[in-house]
Amino acid sequence: MTADLETAAHPENLRRVAIDPVSRVEGHGKVTLLLDENDHIHQVRLHIVEFRGFEKFIQGRPYWEAPVMVQRLCGICPVSHHLAASKAMDMIVGATLTPTAEKVRRLMHYGQILQSHALHFFHLCSPDLLFGFDSDVAKRNIVGIVAAYPEIAKQGVLLRKFGQEVIRITAGKRVHGTGSIPGGVNKNVSIEERDYLLKDIEQIVTWSQESVGIARKLFEQNLNLYNEFGTFKAHTLSIVRADGAMDLYHGGLRARDMNGKTLFDHQDYGRYWDVIFEDVKPWSYMKFPFLRSLGPENGWYRVGPLTRVTQCDFIPTPLAEAQRKEFMAFNGGSAAKATLGTHWARMIEMLHAAEQIRELLNDPDLQGNELITKGKRQERGIGVIEAPRGTLIHHYKVDDNDQIVRCNLIVSTTHNNQAMNEAIRQVARQYLDGKKLTEGLLNHIEVAIRAFDPCLSCATHALGKMPLEVELLDAEGGRVDALTRNSSGALCDSIS
Amino acid sequence: MSDTFQLDGAVVPFEPGQTVMQAALAAGHYIPHLCYHPEFKPHGSCKLCTVKVNGRTIASCTMPAEAGLNVESNIEELNALRRALVQMLFAEGNHFCPSCEKSGNCVLQALGYDLEVHATGFRHLYPDRPLDASHPDILLDFNRCVLCELCVRASSEVDGKNVFALAGRGITKHLIVNSESGLLKDTNIALTDKAMEVCPVGVILKKRVGFSQPIGERRYDQRPISAQALDDAPRLSGSGGSCPACEDAS
């Protein structure tokens with residue numbers, strides 16, 4: 001077994017196992033493994049074979065269309081793209097947002113964080129976490145959760161519903177709204193709308209707190225598994241507020257190396273390319289971003305909830321901050337380093353989002369009427385936001401005719417590309433090496449990928465039932481075994 | 001006392017000189033239409049307002065009202081044809097409602113909803129139609145043109161400018177602007193022109209407006225086009241009626 005498992009030294013004599021497709025957001029990915037005759041693993045790759053084309057077909061479109069068009073990249077967290085593009089277009093129109101515009105956008109964003117994190121934890125991951133990674137596949141789904149844990153399932157559904165309502169009120173629609181526009185927003189929040197949300201917010205905060213408790217309990221009860229499953233050391237990247245606080249809407253870039261040493265801090269994201277660059281590998285359509293100072297080989301990093309919770313100096317809401325401190329101190333800091341600690345961190349962020357929503361709803365600026373500003377027109381616009389899954393970068397160039405001529409999007413899952421590869425390599429070392437393929441084994445790979453909440457798991461909406469195919473090929477390329485799981489979750493051994 | 005005709009079994013009064021469409025709308029009866037506009041002479045090109053008059057199909061916007069006519073409009077046979085016409089218009093251009101700033105204010109989209117067009121029906125042609133963004137304040141997105149000629153008529157009859165025209169024939173027919181360069185910036189169009197107000201779809205757009213109107217406040221968020229058209233109708237009964245949709249836009 002080689003050290004890094006990215007590229008086998010002598011692939012010609014190895015047999016290939018493919019999990020293809022692993023669904024991604026409106027696209028596909030696959031996992032391939034190369035094994036020797038003794039079933040030892042020499043190569044593991046998560047290939048993202050997505051090609052969306054947004055960066056190309058946005059070219060020529062008027063800049064004010066971008067926040068509405070590019071959000072169609074995703075049906076789960078479109079608000080992130082809506083706001084990142086809007087922030088970029090704020091630069092294009094030279095706008096400094098009014099307090100009302102910024103707070104309405106923040107409310108929209110925290111509604112998004114709440115609903116997306118609830119969806120991921122309760123709908124997509126709780127079956128793995130509550131029943132076990134290789135538990136009965138017939139029950140390992142949201143229906144099984146509803147039957148076994150009806151209160152948890154209900155809370156998950158209602159938490160998500162509340163987040164969606166926040167989005168509807170601020171963006172006009174629950175999915176793919178139009179509320180954020182270059183230079184501001186197109187509506188405020190009326191007293192009636194505010195009161196409609198306020199009547200449920202205390203319950204939402206309480207449920208969010210209880211959710212952190214569930215995530216913590218799961219970690220405590222399975223300490224060794226959670227500490228080690230797919231765990232690896234990584235450099236980290238997120239945005240933080242000027243005072244070091246967690247801020248998911250705006251801030252400067254902060255990066256730390258895998259030992260916690262700060263690489264850069266409060267870096268202006270308007271020149272993100274000074275610190276981040278994108279590498280291309282021949283076996284994946286997805287780029288591999290890296291920290292420039294460390295180079296393409298060693299500069300890969302991790303983004304998302306685990307990074308944000310561990311990398312900020314504090315969370316500026318009291319309940320979430322108390323939970324962050326407990327998380328960081330837990331078991332000598334082991335949860336803060338564990339891949340599966342991401343679920344716990346995600347729930348802390350959900351609590352923070354609920355608290356932020358409560359704070360914003362009590363802010364009279366939401367009812368202000370100054371919605372849009374503009375200033376000196378610029379040619380280049382960059383918008384960065386912390387999406388539920390991690391740092392999201394939108395970069396546009398707009399010509400004198402108001403048409404977009406260049407667009408570059410670095411989405412959260414792209415930042416996590418190498419990190420996800422590392423996680424499944426670690427799982428391969430821990431659980432697959434030398435083993436016969438089973439459904440439960442396949443699910444271990446999915447569990448590791450899901451911890452990152454990539455668009456992969458969001459897009460499927462079919463917990464534990466992603467269509468997967470694993471093929472065992474001999475050294476000559478002949479198929480000796482194959483295991484297929486169809487979209488209904490049924491397993492079929494195609495050979496025997 | 002005015003004469004009357006029958007429309008789907010209802011008695012419709014009319015004034016001399018009115019078309020079947022004008023009399024029907026004024027009396028509170030909706031007939032689907034796209035290229036018809038109260039301020040311009042009937043055009044009769046979109047054919048969505050086709051009705052059966054004494055068993056013959058004819059465009060109701062050009063058919064003079066006559067006493068004793070038996071007009072059928074809201075029947076499945078005609079609504080199926082109207083759905084097919086709307087589907088063909090969607091297939092012929094590039095109509096991407098999800099990212100179109102005219103969404104919610106678009107007559108074609110509103111007709112699609114009202115006629116219950118639930119599927120594309122035809123293979124999309126995906127024509128290559130670059131934008132004309134040359135004018136500092138006005139954008140032309142030819143992808144959405146349905147060749148209704150309302151801008152042609154407005155620019156010619158009201159603005160006296162002839163900024164727009166149709167060129168080509170058949171499937172290659174397309175909207176052009178009247179300048180040597182072929183670019184809008186070299187025409188004498190102005191933001192205050194009537195031609196700026198009349199486009200039923202998202203071709204002629206004032207720049208930098210985009211999505212400033214919230215969802216819920218757009219014209220067809222409030223009421224379906226079949227009800228909205230009737231709200232406008234009483235204003236048509238006098239000569240030289242005006243169009244509230246245009247007034248909203250101005």
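In this predicted model, chain B is assigned two domains, with domain 1 covering 3–78 and domain 2 covering 97–249. Taken over C-alpha atoms, the centres of domain 1 and domain 2 of chain B sit 23 Å apart. Where the two meet, 16 residues of domain 1 of chain B are in contact with 22 residues of domain 2 of chain B.

Helix α7 (residues 191–221) of chain A and helix α12 (residues 341–361) of chain A have axes that come within 8 Å and cross at roughly 160°. Angles over 145 degrees count as roughly antiparallel, so α7(A) and α12(A) are roughly antiparallel to each other. Their crossing is left-handed. As for what makes up the contact of α7(A) with α12(A), the classes come to 16 nonpolar, 5 polar and 4 charged residues.

Chain A also has an open sheet of 3 strands, ordered β12-β13-β14, with antiparallel pairing. Its edges are β12 (380–387) and β14 (404–410) of chain A, each of which pairs on one side only. From one strand to the next, the twist averages 10°. Between β12(A) and β13 (residues 390–398) of chain A, the antiparallel pairing runs over 8 bridges, and A:G383 has A:H394 in β13(A) as its bridge partner. This part of the sheet has a helix across it too: α3 (residues 78–92) of chain A lies across β12 and β13 of chain A and runs at about 150° to β12(A).

Note on methods: Residues numbered from 1 in each chain as written. Chains lettered and ligands numbered in written order. Predicted model: local features only at pLDDT ≥ 70, side-chain atom pairs only at ≥ 80, totals over all residues. Axes fitted to C-alpha atoms, helices over the stretch in contact; angles between N-to-C directions. Helix = DSSP H or I, 4+ residues; strand = E, 2+ residues; numbered from the N terminus. Parallel < 35°, antiparallel > 145°, perpendicular 65-115°, else oblique. Left-handed = near helix turned anticlockwise from the far one by under 90°. Nonpolar A, V, L, I, M, F, W, Y, C, P; charged D, E, K, R; others polar. Domains from an automatic or database assignment. Contact = placed C-beta atoms within 7 Å. Pairing = 2+ DSSP bridges.
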